[in-house]
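Please walk me through this model, from the parts of one chain to the contacts between chains and the ligand shell. Keep it brisk.

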Amino acid sequence: MPPEGRPSVAGLLGLLALRFQLLRETRFGSFGPVLVALAVIWLWFGITEPAFLSPRNIYFLFMQSAVVGTLAVGLTVVLLLGEIDLSAAAMAGVCAALLAVLLLGGMPAPLAILAAIALGVTMGLAQGVMVVFVGIPSFVVTLAGLLGFQGLMLKILGIQGAINMRDPAVRALTTVALPPAWGWGLGIACALAFAAFALHDQMRRRARNLEADSVAALCGRIAFIAILVLAAVGTLNNYRGVPLLVVVLMALTAILGWVTTSTPFGRSLFAVGGNAETARRAGMSVRTVRVAAFGIVGLMAAIGGIVGASRYASVSFNAFAGGPLLLEAIGAAVIGGTSLFGGRGSVWNAILGALVIGSLGNGLDLSGASAADKLMFSGAILLLAAAMDAVSRRGANFTRGGGA
Amino acid sequence: MPSVSNDEEAGRPDVPPHLLATGVNKRFGGVEALCDVTFGVRRGEVMALVGDNGAGKSTLMKIIAGALRADTGSFAIDAEPVQIASPHDASDLGIRIVYQDLALCENLDVSANVALGAEPVKRGWGFLPHFLRPLDDLAMEETARDAIDRLQVRTLHSVRARVGNLSGGQRQAIAIARAVGADSSVVLLDEPTAALGIAQTRQVLDVVKRLRDTDHAVVYISHNLRDVFEVSDRITVLRQGRNVAVYETAQITPDVIVAAVTRGLEEATADAA
Ligand SMILES: Nc1ncnc2c1ncn2[C@@H]1O[C@H](COP(=O)(O)OP(=O)(O)O)[C@@H](O)[C@H]1O
Ligand SMILES: [Mg+2]
């Protein structure tokens with residue numbers, strides 16, 4: 001016990017932890033840390049590298065972060081359960097390779113894309129079954145998956161080790177940008193829809209005499225989203241317009257965000273991640289939920305593979321399985337604020353985390369940093385995010401001890 | 001041998017139990033947690049379940065709530081045989097429980113915990129499978145607010161507070177609020193006052209009485225014999241996983257219960273003689 005009245009290190013740490021925790025308490029507040037990180041990085045590179053905040057660079061920043069973001073969104077779903085999937089990048093590689101081979105063989109693009117997605121979901125579900133029904137820790141199952149799927153990717157690619165992607169439909173995913181007017185229309189529609197939903201919800205809360213947010217908080221939230229969306233559209237329109245890829249990924253993230261926060265399935269994800277025994281006793285089908293989560297990683301990995309194949313205009317081992325893709329995706333999810341301990345996180349945070357990783361890489365490239373510097377910076381940021389996660393979890397324990 | 005029930009001597013032998021569990025056996029590896037236990041509770045009565053730590057009270061409650069499967073045992077509601085193989089079965093039969101360890105999700109808010117496993121969904125989304133329909137958050141918050149208002153937990157101001165940040169008493173109130181929601185006929189309370197102060201314990205006892213007055217079948221587990229004697233109509237005593245006896249509360253004294261809990265029936269009756 002520290003002496004009374006003298007601030008101890010543990011006490012200060014506890015106070016700090018409490019702060020972090022309260023910050024992350026609200027649904028909106030969980031964006032705080034990652035948004036601050038993003039703002040600091042953009043401010044720093046915006047000052048030191050004039051090219052960083054140019055519309056052209058922002059456009060490429062979004063494109064560069066797309067594959068990492070897609071995988072991070074999928075990984076968030078298993079992280080919510082307190083599980084991990086180390087095979088996400090390798091699954092993306094296998095799906096991309098299958099897509100390339102099928103297209104090379106003359107299959108129409110929509111069919112080939114469906115086949116790649118089906119393969120991704122199957123691989124994910126298979127690993128989920130191994131975790132849930134055989135009882136092997138997800139770390140081990142997906143480590144085996146990582147190795148096995150890397151081998152499978154090499155097998156599918158054949159001796160050349162790389163296949164060029166010329167299919168116009170697949171390429172269009174990452175080369176087409178919306179005409180500026182469409183971009184504005186879509187951006188404004190999104191902002192209005194968000195405002196309408198938020199206002200409608202608050203009005204119904206007031207009508208039913210439930211807790212409602214203050215008018216200031218409500219307006220602030222709507223203004224914040226509207227400014228963010230419209231600033232992004234304006235910037236992108238100054239270069240080539242809003243990329244089709246960004247629209248597709250936002251739509252996918254919105255759907256997954258809705259599924260994870262606003263459906264019975266999503267509620268059981270959080271419940272199982274928070275306390276699996278409680279979820280079981282409440283009658284939730286814990287096993288189904290866990291297997292499904294791995295299936296969702298497979299789905300998002302397949303989509304990430306398709307996006308990657310389209311963007312790099314080729315499918316090669318190093319672009320997926322052999323490179324830093326997996327670690328960047330896990331890093332993005334954790335930097336976004338999703339807890340490695342399960343039960344807390346959001347897919348939108350994963351997108352922001354992917355932007356942090358992408359911005360860091362992009363900015364360091366611009367400032368001529370070496371690969372060594374980039375690796376060390378990324379490591380430091382990831383460690384910082386994981387430390388915040390661990391400390392804010394401790395915060396929860398401190399309050400519990402003091403409460404009863 | 002200890003008698004399974006002494007209803008015959010204890011009046012109201014005509015009233016059949018609403019919920020009846022017979023011949024319940026449960027082993028955990030080498031530990032015989034329950035051995036041929038019979039347990040019944042009528043509507044409109046509070047049945048106290050007492051016994052030392054490890055007597056098997058919680059195990060019996062978990063089995064009735066479907067959270068554990070008995071090795072053998074049969075169950076009946078109003079003399080109709082029923083299956084209790086899962087928590088779903090139990091809740092479909094109107095059985096609600098407050099677990100001794102509360103069983104809350106600390107990462108979710110109060111309203112989500114009250115609704116856990118039975119989340120209401122919005123109407124008009126029938127084209128989606130149930131697990132993908134939108135949750136009715138407002139209905140959940142209303143239910144939680146009403147349930148907590150009824151328990152008069154004045155310190156709990158928001159149903160949107162995360163349970164991980166709440167005190168032991170507040171958590172206990174949430175666990176109780178979850179169990180005493182609408183359409184239940186059996187409410188099992190496993191040491192619901194263990195973490196509570198005097199005032200909150202009083203409120204829980206009031207809730208228990210209100211449940212009895214609304215014709216619920218209530219099972220109340222507690223080590224506090226004063227509370228047990230205040231609220232219960234009958235008392236079932238378990239000892240080392242076996243039935244000792246069932247008493248009419250009005251016809252005995254706490255000393256009888258203490259003797260039965262610690263030494264079993266033969267010694268207790270020998271004592272009294
Ligand atoms: N999950 C379990 N695994 C192994 N043994 C258990 C388990 N649950 C209970 N037991 C054992 O069963 C016996 C009865 O426990 P319990 O029902 O919790 O008693 P009570 O609630 O009356 O204190 C104890 O000996 C306990 O150690
Ligand atoms: Mg117990």
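The centres of domain 1 and domain 2 of chain A, taken over C-alpha atoms, lie 28 Å apart. Domain 1 of chain A covers 55-176 + 256-391, and domain 2 covers 177-242. These bounds come from an automatic or database domain assignment. This is a predicted model: local features need pLDDT of at least 70, and side-chain atom pairs count only at pLDDT 80 or more, while totals for chains, interfaces and linings use all residues. Residues are numbered from 1 along each chain as its sequence is written, and chains are lettered from A and ligands numbered from 1 in the order in which they are written.

Where the domains of chain A meet, 5 residues of domain 1 are in contact with 6 residues of domain 2. Contact means C-beta atoms, placed from the backbone, within 7 Å. The domain 1 side has 4 nonpolar residues, no polar ones and 1 charged. Here Ala, Val, Leu, Ile, Met, Phe, Trp, Tyr, Cys and Pro count as nonpolar, Asp, Glu, Lys and Arg as charged, and the others, Gly among them, as polar.

Now the chain interface. In chain A, 29 residues are in contact with 35 residues of chain B. Helix 11 of chain A gives the most to its side, with 7 residues. Helices are DSSP runs (H or I, at least four residues), strands likewise (E, at least two), numbered from the N terminus. By class, the chain A side has 10 nonpolar, 10 polar and 9 charged residues.

Last, the ligand. Residues surrounding ligand 1 include Phe28(B), Lys57(B) and Thr59(B); a residue counts as near if its C-beta atom, placed from the backbone, lies within 6 Å. Helix 1 of chain B provides the largest share of this shell, 3 residues.

Notes:
Two residues are in contact if their C-beta atoms, placed from the backbone, lie within 7 Å.
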